[in-house]
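The following exercises ask the student to read a protein structure step by step. Each task is followed by a worked solution.

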Amino acid sequence: MMVKNEEKNLNRCLRSLEPVMSAIPSELIIVDTGSTDDTVLIANQYTDKVYFHKWNNHFSEMRNISISYAKGEWIFIIDADEELDAPTDLHKVFEYNEINRFNTIRMQVRNYVFKDEKKEIYNVSERLFRNDGEFHYAGSIHNQPIFKGPVINTDLVINHYGYYNDDPELMERKFKRTSTLLLKELEKDPNSIYYRFQLARSYLMHKDNKEALEEIEKAFELVQKLEESLIKTRYYYVLGEYVRILFFNDKWQECINVSEKGLADNSEYLDLYYYKAASLYYLDKKEEAEAVFVEYFKLLDEYRANKVDLAKFSSIEMYTVDKQAAAVVASHLSDYLYSKERYGESLKYAEYMYESNKKSILFIRNYLKLKRYHELFGFYNAINDKSLLPFFVACMENELKEMEESDVSEVVAVFAGGQDLYSRFNAIRKEKHNTALIRNFIGNYDISVLSSEPYSQVLTYAIEAEINLFPYLKKLSDGNIKTLVKIAIDYSQKSVQYFKNYLQNTRARSNDYHANRLLTAIGNVLFLTAIEKAKASNMPLTAEDLSLSEEYKQAGIHYISSLYQTNGIRMNYKTFDNSEHQFYILLFLAKEAFDSGLQKNAIEYYKGAAEHYPFLAELVKHWIANMMLNASKQLILASMKRDSSQSGNELKVLQGSIEIANQMSLLTEGLKQNEVCARSLTYHPNYLRYYADYELDIHTHTNKDRMVKDLGEITKKAMECFNVFHFHFGTTLTLDHSDLPLLRGAKKAVLMHYWGSEVRMLSVAREWNRYVQVKVSDEDEIKRKLEHLGSMIDHCVVADHELYQYVKGYHKHIHFIKQTIDLEKYMPDPRFKFRKKKPLVVHAPTSPEIKGTKFILQAVEELKSQYDFEFVLVQGKSHDEARQIYQQADIVLDELLCGSYGILAIESMAMGKPVITYINEHIRETYPSELPLVTANPETVKEVLKSLLTDWDQRVHLGKQGRLYVEKHHDARIIAKQFIDLYQTILSDVGAR
């Protein structure tokens, strides 16, 4: 032996030699060429013949030095990275009677390419030589023994571990050493076939495929120049390596051509069948490939049965005798045969494969097609590598999805016959409603196994059987709980309800850590999934989900309170790594702040929660809204009590519960100026932000039951504090008008104030107004509501006879009180002068269909070609911004269909503007005679507008008259007094009732 730094290998090698040395008188000669590790120390444990010679970069010379120490009759050459496979068999060779007539003995070398020892390369090597004084080595690298015949071939095997391709450091070191020496030799002899061949192999092993091909092509060209007999007997190893390198360069057709040339000379060259078949397969010539594959496997069986003498190939390495090579092409052939529905043949070749996922696929598919279910079950039970079982199960389940239900039942019945996890699962699947089996499964296995397919089906079986899973879930980590819940709720809606019910109905104590941890894990998955689905469908979260989120929030606060020391947690929660925990901490801090009356701080904590855990930001918005609602309700209750107690006036008026064009606010203010205790309540805050004394936004309420409760509390408090209830637009203190019987029973004065679209009916209007349009098409619903309100409320108010047409007959008393306006807010601009040139016409299309906007636009468009004026559509503006535009208008175009004038017309007249609107001729006489509005309908609007555009004096006159009209008929103070009289009248009525 010659060695250098082989401490990792040497013990293994020398131990394999001990049986030989014990059986045959022998000496162990080791030449060390400069080891710096424990190589020499190890060598000395086995022999006293360790010699030292400095490495001179010449393998053969160093080999020959080691040979020079040998005294025995035979010399056995072995390297430190090798070992004898069956050491006790070596000495039997020398018991052979005819051994003395041989001078050289060949052995088989099994080269392991990877550390897992699955890939093997075989070659025949001369290893035992008669010590005749002439035997020696030649060549500086890949040294060749110069030996004498006759030669005897044996089945003895040497295992070689020196070329692990998956050891990058080793491969790089050997590549640099070997390629450097080979290139030096080729500088001396460029026509050396052997060195070209070895350099090509080195490049290929280093994955330099292109360079490998260039070198082997040079070697092949040199071989082609030799005599045919010499090629066949001495240099055919070049042809084999050429085929292999062509294959790894994806030169498949060239690979086929060269393989056929080699097989013509040697029909037992196994590698050539392999590479030819694989190349045909990759070229999609699968029928041709099949025939060659079959030849390969037939010959492979003969090799393995020692029917082919490897000595015929003593100069080459055989790459495809091993199981791994066979497994690769067996997979190809088996796949192909399966595709041709030749399932039995496919199974035959799949047998050549290692235990692997691919082998499992092939056996599953073929056995299922052949309906050989018991054999498949046997294959499953025989799998030695248990790590392959999960893949087998997954593949099996995928195949079952494509099968008829009756066949699936047969398979399930067969696989239910074992005792392992998959068999017990199939036993449950066989009897889905057997709760005992389900309970036994969950009890005997870690429930986390249900997080993987197909066992997650047991989860849904358990839920359908209403088995209580929660004691088992409590034992799992948060992550496993979430995984199981997600699997279940994705599988069925029943599972969603199962977990929602648990979240809703479980009343865990605040210090019950495990219960609250489970609740938060379940809630987290439920709401993340709900939000994801809502976004995908572009829909909001359901009221049920939002209501349930309160339970989730409470569980999260309790969970975090049990998990952490909350004193001072506000200062250090940002240092925590778990963003979900940070989320719960911020919810805890928000609640703590709110309970302390620090509403702004609570909102900031909620916002922080949304930032730290944005996935649940939708819930945070809801929680903020709920907090604001609760705060609003509490404020309303406290304010009602305070406002009522501070007023000395016996008349206490509450207006509600919706604002219409600021009328409720103006009336309330007018009443206050008359020293009446008057307050306004709105449940529908307007985007224009009209003022209300009490405000509760029911549109942010997501819990119907809670909203009913909140409105009930407000109603109760209002009845304690007020004696007059002035309702607007068909609304009352409760959404279902359930407060009206209570108010009537308590002898409160109740008044309903109608404003328009809530009562306007097309069938009624069309009897006297052919232009009118309505917002509400369901007249039966309007009538039912009017009948109900009229049965509970005796008095109602309308602004004019247009609205009277709709409400007459429903209430005992109908009162006419006009709309009101803040005259100081709507003053004519003293700087404004009516324009004689390019007057400004404005229109606000707040309800285009109701106002007849399309007729206005048509008239404007037609007049534009004849007259020079400016036209502005007022839309998307705040109320103040719109008012500023109206202040600069020369003409205001209001509406053309309704038949009566509205708030915009009143505001415009107050600002001294001429107004065009439609006053129906049937009710014109019910208005004051001095009404200064210019009437126009869809048919006359063009002519009316043209008249005003051209008559500057008329515009000035109408502007002045409009202001006077509003001061006389719509002043808030005047209107407030009218209502005070009405309230007194109603109070007298209810007192006498």
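**Exercise 1. Describe the second largest pocket by its volume, its lining and the classes of its residues.**

Solution. The model is a predicted one.
Step 1: the second largest pocket holds about 1,300 Å³ of space.
Step 2: its lining consists of 44 residues, and those nearest the centre are Ala 661, Thr 846, Ser 847, Lys 851 and Ile 903.
Step 3: at least two lining residues come from each of helix 36 (801–807), helix 37 (848–851), helix 39 (879–887) and helix 40 (903–910).
Step 4: sorted by class, the lining of this pocket contains 21 nonpolar, 13 polar and 10 charged residues.

**Exercise 2. Determine where Ala 661 lies in the chain and what its phi angle is.**

Solution. 
Step 1: Ala 661 belongs to the loop between strand 12 and helix 31.
Step 2: phi of Ala 661 is near 55°, which is a positive value in a residue other than glycine.
Step 3: Ala 661 is also one of the residues nearest the centre of the second largest pocket.

**Exercise 3. Are helix 30 and helix 32 roughly parallel or roughly antiparallel to each other?**

Solution. 
Step 1: two packed helices are described by the angle and the distance between their axes.
Step 2: the axes of helix 30 (residues 617–646) and helix 32 (residues 704–721) cross at roughly 10° and come within 9 Å.
Step 3: angles under 35 degrees count as roughly parallel; helix 30 and helix 32 are therefore roughly parallel to each other.
Step 4: the residues in contact include Asn 626, Ile 636 and Met 640 of helix 30, and Arg 706, Ile 714 and Cys 721 of helix 32.
Step 5: by class, the residues of this contact divide into 6 nonpolar, 3 polar and 6 charged.

**Exercise 4. Is the protein chain a compact globule or more spread out?**

Solution. 
Step 1: the secondary structure of the chain comprises 43 helices and 23 strands.
Step 2: the radius of gyration of the chain is 49 Å, well over the 30 Å that the globule rule gives for 993 residues, so the chain is more spread out than a compact globule.
Step 3: along the principal axes, the C-alpha trace spans about 145 × 75 × 60 Å.

Conventions
Residues numbered from 1 in each chain as written. Predicted model: local features only at pLDDT ≥ 70, side-chain atom pairs only at ≥ 80, totals over all residues. Heavy atoms only, no water. 1 Å grid on protein atoms, 1.4 Å probe; cavity = no way out; pocket = protein on both sides within 12 Å on 5 of 7 lines; lining within 4 Å. Points joined across faces, edges and corners; volume = space filled by probe spheres on them. Helix = DSSP H or I, 4+ residues; strand = E, 2+ residues; numbered from the N terminus. Nonpolar A, V, L, I, M, F, W, Y, C, P; charged D, E, K, R; others polar. Axes fitted to C-alpha atoms, helices over the stretch in contact; angles between N-to-C directions. Parallel < 35°, antiparallel > 145°, perpendicular 65-115°, else oblique. Contact = heavy atoms within 4.5 Å. Rg over C-alpha atoms; globule rule 2.2 N^0.38 Å.
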